Amino acid sequence: MADLSASNRDSSIEHGLQCLVEIRASQLNGCAFCLDMHVKQATIGGERPLRLHHVAIWRESPLFSERERAALAWTEALTRIPEDGVSDALYQRVREHFDDRALSDLTYLVATINAWNRLNVATRGVPGTYDRMYGLDKAGLA
């Protein structure tokens with residue numbers, strides 16, 4: 001899992017968008033450990049606090065670009081997997097903003113965070129446990 005996560009860091013998806021995707025999937029999956037971690041990573045990366053608060057309401061918020069909205073919609077679809085799969089309309093919407101490589105990278109990013117969420121929910125990971133080891137204490141959010 002660590003190797004897969006490392007490969008995502010080298011993807012065509014910019015770091016800020018990666019954080020938004022990881023935050024949204026973690027919200028949907030109820031993974032406190034990952035949500036805490038990715039909010040801190042986004043903060044260290046310079047993300048604005050209001051945008052982080054608005055990830056849960058991204059559809060209503062004016063703070064996200066169309067590319068970010070497409071990625072968040074993709075994240076929700078792959079996290080909640082509709083009974084009929086991903087709709088053609090959503091696929092076309094995402095393709096307007098992501099080429100073949102970027103769509104593949106985005107899909108692997110969503111799959112990876114969903115796997116981490118499930119592992120951390122199952123093991124009851126405690127938010128903040130590894131902040132110092134991962135440098136997340138630099139976020140100043142403790």
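L119 is partly exposed, with a relative accessible area of 42%; that label covers values between buried (under 20%) and exposed (over 50%), taken with a 1.4 Å probe and protein chains only. The structure is a predicted model, so local features need pLDDT of at least 70 and side-chain atom pairs count only at pLDDT 80 or more, while totals for chains, interfaces and linings use all residues. Residues are numbered from 1 along each chain as its sequence is written, and side-chain values use heavy atoms, leaving out hydrogens and water.

L119 sits in helix α7, residues 100–123; helices here are DSSP runs of H or I with at least four residues, numbered from the N terminus. On the surface, L119 teams up with M1, L4 and Y108 in a nonpolar patch that has about 370 Å² of accessible area together. Members of such a patch have over 30% relative accessible area and no salt bridge, and their nonpolar side chains (Val, Leu, Ile, Met, Phe, Trp, Tyr) are joined within 5 Å. A salt bridge would be a side-chain nitrogen of Lys or Arg within 4 Å of a carboxyl oxygen of Asp or Glu. The areas come from the Shrake-Rupley method with a 1.4 Å probe.

Helix α2 (residues 15–29) is another story, being mostly covered: 11 of its 15 residues are buried.

Setting aside neighbours within four places in sequence, R67 touches S12, I13, E14, L17, H97 and F98. With E14, the side chain of R67 makes a polar contact of 3.0 Å, meaning a pair of N or O atoms within 3.5 Å, one able to donate a hydrogen and the other to accept it. R95 is 28 residues from R67 in sequence, yet the two C-alpha atoms are 9.8 Å apart.

G85 falls in the loop between α5 (66–80) and α6 (88–95) and is partly exposed at 28% relative accessible area. Its C-alpha atom is 32 Å from that of L50, 35 residues away along the chain.

Technical notes. Helices (H or I, at least four residues) and strands (E, at least two) are DSSP runs, numbered from the N terminus. Patches are made of residues with over 30% relative accessible area and no salt bridge: like charges are joined within 9 Å, nonpolar side chains (Val, Leu, Ile, Met, Phe, Trp, Tyr) within 5 Å. Contact means heavy atoms within 4.5 Å.
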